[in-house]
Amino acid sequence: MLNVLFVASEAYPFAKTGGMGDVIGALPRAFTKDVDARVIMPLYSTIPKKLRETFKSLGHLYVQMNDKFDYCGIFTCDYEGVIFYFIDNEAFFNRPALYGYFDDGERFIFFCRAVLDAIPYLDFTPDILHCHDWQTAAVPYLLTHQYRMIFPDMKSVFTVHNMKYQGVYDFDHINGYLHLGFLPSDLEFYGRINLLKGALYSADLVTTVSPTYAEELKDPYFGEGLEGVIREISDREVGIINGIDESCYDPRTDSALTIPFADSDNKKAENKKALQKHLNLPIREDVPMISMITRLVEQKGLDLVANVIHEILQMDIQLVILGTGDSVYEDLLQSVAYNYPDKMSAIIGFDEPLSRRIYAASDFFLMPSKFEPCGLSQMIAMRYGAIPIVRETGGLKDTITCFDSKTKQGNGFCFATYNAHDMLFTIQQAVSLYTETPELFQDLIKKAFNTHSDWTLSANTYLAQYQKLLGE
Ligand code: GLC
């Protein structure tokens with residue numbers, strides 16, 4: 001039996017701001033009996049009370065941060081067969097949001113130190129610490145440089161879910177928490193401390209969430225200043241595509257849907273009508289509905305959408321967008337929707353049940369990302385019979401291939417260059433397939449329903465990498 005402790009700053013259903021939270025919630029349970037995978041994360045005050053009531057205390061300790069000692073409680077629970085551990089400290093984690101505070105560097109270095117200090121208090125001895133994104137990047141660094149004597153054989157794996165966020169802080173601000181006397185070159189980034197860089201150098205294995213993104217990271221366009229480091233460590237960097245929890249995203253059983261449906265019945269159309277009614281759009285079964293469910297930020301291609309939104313709305317389509325993010329996009333989408341009440345609905349918010357109703361109602365799902373380490377929504381969309389229109393980057397390139405109406409190969413619509421008119425042209429092609437050759441469009445939907453993106457394959461790939469690391 002191989003023991004793996006996932007170290008992460010979020011995990012569904014306890015706390016989630018994005019796709020990484022879904023991954024940490026799902027991957028540990030996808031392993032077969034060969035792996036005992038558990039999770040350790042901060043005990044945020046925002047964790048739903050119903051879940052917190054199931055936590056049991058495992059004791060407490062004090063973590064040295066600079067010249068003071070901070071309290072650290074350890075709690076645990078068993079959630080649907082996976083053991084979770086929680087690091088408790090009110091000053092750091094009793095906040096209304098997970099991230100976005102002036103002391104995030106200090107908060108997450110505390111978390112990383114606390115994880116390493118708490119391990120001897122757990123009823124579990126990890127062979128591998130599998131850490132995710134910058135918030136946990138100090139773990140591989142500290143394990144290699146300061147905790148080696150305590151854990152001589154423990155290995156670390158570091159997964160990059162998004163290279164854009166690296167945890168960069170002034171040396172004077174956080175050096176005390178890392179117990180550094182000077183700025184070592186494997187942390188140095190333009191005179192500051194870069195926690196992610198430290199993890200790339202110290203982890204025994206670096207993974208990212210798709211094979212294409214693993215390659216793209218060697219390029220300055222995607223590498224965010226760390227492309228040189230990635231090239232240097234490329235012999236221990238691999239890309240492993242994420243999966244989705246197919247039992248959770250199942251249109252036959254999804255309780256959020258007005259009318260659950262299967263691929264063989266015609267009830268997907270009922271879902272479209274129900275959503276049109278809910279959003280005050282004209283109730284028309286024949287109109288192609290294109291949707292986006294996304295953070296409204298540049299990464300997701302919102303600038304392309306903004307650029308040609310009036311052209312998109314010249315077509316006979318309905319456009320539904322759900323998300324929150326930068327106020328410039330929130331304001332713009334709302335004002336355009338106000339001017340096209342028959343064609344567009346922009347819902348600014350985070351609403352899980354509504355998101356599922358949108359997937360179920362839509363014919364197309366638009367993801368024109370500038371970069372996309374993996375992307376989960378395109379896989380979820382296909383489960384609900386919505387055909388992805390994507391830019392060929394990262395995980396989108398690895399999961400979606402262009403449909404060719406002659407050979408009938410491919411499962412979506414793609415464009416390569418990050419250009420608004422290329423996107424517009426691809427949307428126009430998709431819409432014309434829908435209106436002009438409905439039988440081909442039905443084939444595509446069938447194909448989408450039959451696409452499987454569950455976690456089994458990825459979990460086996462991770463297992464093979466773990467075994468290699470441990471020399472098994
Ligand atoms: C980040 C990436 C997204 C990926 C997710 C899970 O949110 O932006 O592409 O799917 O992490 O790995």
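Predicted model: local features only at pLDDT ≥ 70, side-chain atom pairs only at ≥ 80, totals over all residues.
The side chain of E372 places an N or O atom 2.5 Å from an oxygen atom of the ligand, a polar contact being a pair of N or O atoms within 3.5 Å. An oxygen atom of the ligand also lies 3.0 Å from a polar backbone atom of C374, and for P373 the corresponding distance to a polar backbone atom is 3.5 Å. On its own the ligand has 310 Å² of accessible area, of which the protein covers 92%; these areas come from the Shrake-Rupley method with a 1.4 Å probe.

Residues are numbered from 1 along each chain as its sequence is written, and side-chain values use heavy atoms, without hydrogens and water.

Let me turn to the shell. There are 13 residues around the ligand, and H161, N242, E372, C374 and G375 come nearest; near requires a heavy atom within 4 Å of the molecule. By class, six are nonpolar, six polar and one charged, with Gly counted as polar and Cys and Pro as nonpolar.

Which domains supply this shell? The C-alpha centres of domain 1 and domain 2 are 33 Å apart. Their contact involves 18 residues from domain 1 and 17 residues from domain 2, where contact means heavy atoms within 4.5 Å.

Conventions:
Polar contact = N/O pair within 3.5 Å; in protein donor to acceptor, adjacent residues only side chain to side chain. Domains from an automatic or database assignment.
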